[in-house]
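The structure goes in here before the notes.

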Amino acid sequence: MRNFLIADSENLHIIGLKQTLKKFVKKSSLTVVGSKDELITHLEKNTVEYLIIDPNNIFLFYDDDFKQLRLNSPNCKIIILSYFKNKQTISSFLKENINGFISKDCQEQTIFDALYKIENGERYLCPQILNILVV
């Protein structure tokens with residue numbers, strides 16, 4: 001069973017992501033948190049295999065907070081799923097050993113591809129994020 005934690009405060013995106021994950025991972029535990037405090041509390045009390053987070057929608061969550069997440073949950077695979085379009089912001093998040101970075105306007109297949117690659121030890125950046133980084 002895969003253990004997912006979704007950290008986001010946009011309900012429609014959460015609903016869609018939950019449906020997408022249920023298609024990809026038949027046996028999974030899906031938990032949703034909407035604030036930094038909930039996120040930290042959940043990670044302190046539970047083992048999480050995958051954290052899918054939109055740091056833009058978690059109030060007062062900064063790139064430095066990923067360092068703390070890595071210290072507290074070193075085996076957790078972290079995937080940013082966000083609308084970030086700023087090259088500098090994306091680069092700073094990637095320095096924190098993020099396993100994947102996906103744009104929220106990606107296709108459902110992109111999420112499947114990301115999970116497959118990350119599951120197999122690779123880092124995944126969706127085409128939209130790669131285009132921002134290389135331009």
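I started with the largest cavity: α1 supplies the largest share of its lining, three residues. Here a cavity is a set of points on a 1 Å grid over the protein atoms alone where a 1.4 Å probe fits but cannot get out, and lining residues have an atom within 4 Å of a point. Helices (H or I, at least four residues) and strands (E, at least two) are DSSP runs numbered from the N terminus.

For the record, this is a predicted model, in which local features need pLDDT of at least 70, side-chain atom pairs count only at pLDDT 80 or more, and totals for chains, interfaces and linings use all residues. Residues are numbered from 1 along each chain as its sequence is written, and side-chain values use heavy atoms, with hydrogens and water left out.

The volume of the largest cavity is about 50 Å³; a volume is the space filled by probe spheres set on the points, which are joined across faces, edges and corners. β1 (2–7), α1 and β3 each give at least two residues to this lining. I noted Ile 6, His 13, Asp 54 and Leu 81 among the lining residues. By class I read seven nonpolar, one polar and two charged; Ala, Val, Leu, Ile, Met, Phe, Trp, Tyr, Cys and Pro count as nonpolar, Asp, Glu, Lys and Arg as charged, and the others, Gly among them, as polar.

I then checked the second largest cavity, about 30 Å³. Leu 17, Ile 52, Ile 79, Leu 81, Ile 102, Ile 111 and Leu 115 line it, and the class count is seven nonpolar, no polar and no charged.

Next came the largest pocket, with a volume of about 150 Å³. A pocket is an open set with protein on both sides within 12 Å along at least five of seven lines. α1 (11–24) and α5 (108–119) are the elements that give two or more residues to its lining, and α1 gives the most, four.

Last, I looked at helix α3 (residues 63–72). Which of its residues are buried (under 20% relative accessible area, 1.4 Å probe, protein chains only)? They are Asp 65, Phe 66, Leu 69 and Arg 70. Seen down the axis of α3, these fall within an arc of 150° (taken from the directions from the helix axis to the C-beta atoms), so they line one face of the helix. They pack against α2 (36–45), β3 (50–53), β4 (77–82) and α4 (87–94), contact being heavy atoms within 4.5 Å.

Key
Buried means under 20% relative accessible area, exposed over 50%, partly exposed in between (1.4 Å probe, protein chains only).
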